[in-house]
Amino acid sequence: MTKKKPLILVTNDDGVTAPGIRALIEVMKQLGDVVVVAPDSPQSATGHAITINNTLYINKIDIDPDIETEYSCSGTPVDCVKFAVNEILHRKPDLCVSGVNHGSNSSINVIYSGTMSAAVEAGIEGIPAIGFSLLDYNWNADFEPAKAYIKKITQQVIDHGLPEGVILNVNIPKLPEKEIKGIKVCRQAKAMWQEKFDKRTTPMGRDYYWLTGKFINLDNGEDTDEWALANGYVSVVPVQFDLTAHHAMQTLNSWEMDK
């Protein structure tokens with residue numbers, strides 16, 4: 001009996017025409033039947049936003065002749081996953097992959113990432129999910145070295161599944177394939193953005209601001225995603241959407257809050 005191919009939902013936050021998602025689609029076509037639902041324009045740093053006060057528009061598109069079901073969506077990456085599951089597929093896909101993001105989503109960046117939020121939304125729906133990112137912000141970045149690692153990690157998830165409530169955050173260094181040392185399962189590094197607002201004034205005299213900032217790694221551990229990437233490894237961080245700080249519950253229960 002021929003084994004049925006898995007149904008794979010592909011999305012991203014850089015827009016449906018971004019080179020990153022097109023590279024991801026090329027890999028996924030080797031592993032299963034692909035459905036694409038992705039934003040019609042860049043949605044970077046939208047986090048887990050959803051559209052509730054505006055209308056959503058969905059357009060069927062034909063970019064890849066091998067993909068029968070491909071749509072662009074006017075909403076956020078999370079909207080794309082919700083719409084795909086509820087309106088296009090009418091069932092849960094076997095896997096959701098998001099990316100390949102143009103730029104890092106390691107460490108604290110996972111909180112802001114539209115790429116990872118799409119994967120997390122799939123995880124909330126009970127769908128095994130992976131977010132992929134390449135440490136190259138260039139629109140014309142070379143995704144070829146990443147493809148072998150994307151395929152390998154995805155195949156492992158197809159074969160073994162993921163623990164309940166766990167999503168994989170995968171970041172790939174900007175290196176030729178022969179210089180990538182391998183894959184490391186890591187923890188999220190403790191890091192932060194030190195923000196700065198660049199204040200400017202319009203010709204009409206109105207002030208406006210550009211958000212800028214500096215990324216600061218506060219973590220010297222050699223078991224983190226930042227260390228792995230800096231040392232030529234693909235980092236794989238298992239993340240979860242249960243935000244409960246279980247380690248703090250005993251402390252809070254010792255407070256006299258019921259008196």
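Two strands are said to pair if DSSP finds at least two bridges between them, and the elements themselves are DSSP runs numbered from the N terminus, helices being H or I of at least four residues and strands E of at least two. In this sense L134 has I172, in β7, as its bridge partner, and strands β6 (residues 129-134) and β7 (residues 166-172) pair in the parallel sense over five bridges.

This is a predicted model, in which local features need pLDDT of at least 70 and side-chain atom pairs count only at pLDDT 80 or more, while totals for chains, interfaces and linings use all residues. Residues are numbered from 1 along each chain as its sequence is written, and side-chain values use heavy atoms, with hydrogens and water left out.

Nine strands form an open sheet of mixed pairing, in the order β3-β4-β2-β1-β5-β6-β7-β11-β8. At its edges stand β3 (58-60) and β8 (182-185), each of which pairs on one side only.

| Helix | Strands | Angle |
|---|---|---|
| α1 (residues 19-28) | β1, β2, β4, β5 and β6 | about 140 degrees to β5 |
| α2 (residues 77-88) | β1, β2, β3, β4 and β5 | about 135 degrees with β2 |

Within strand β2 lies A38, which is buried, with a relative accessible area of 0%; buried means under 20% relative accessible area, with a 1.4 Å probe and protein chains only. Not counting residues up to four places away in sequence, A38 touches T11, N12, V16, I21, Y71, S72, C73 and C80.

How values were computed: Contact = heavy atoms within 4.5 Å. Axes fitted to C-alpha atoms, helices over the stretch in contact; angles between N-to-C directions. Buried < 20%, exposed > 50% of the residue type's maximum accessible area, 1.4 Å probe, protein only.
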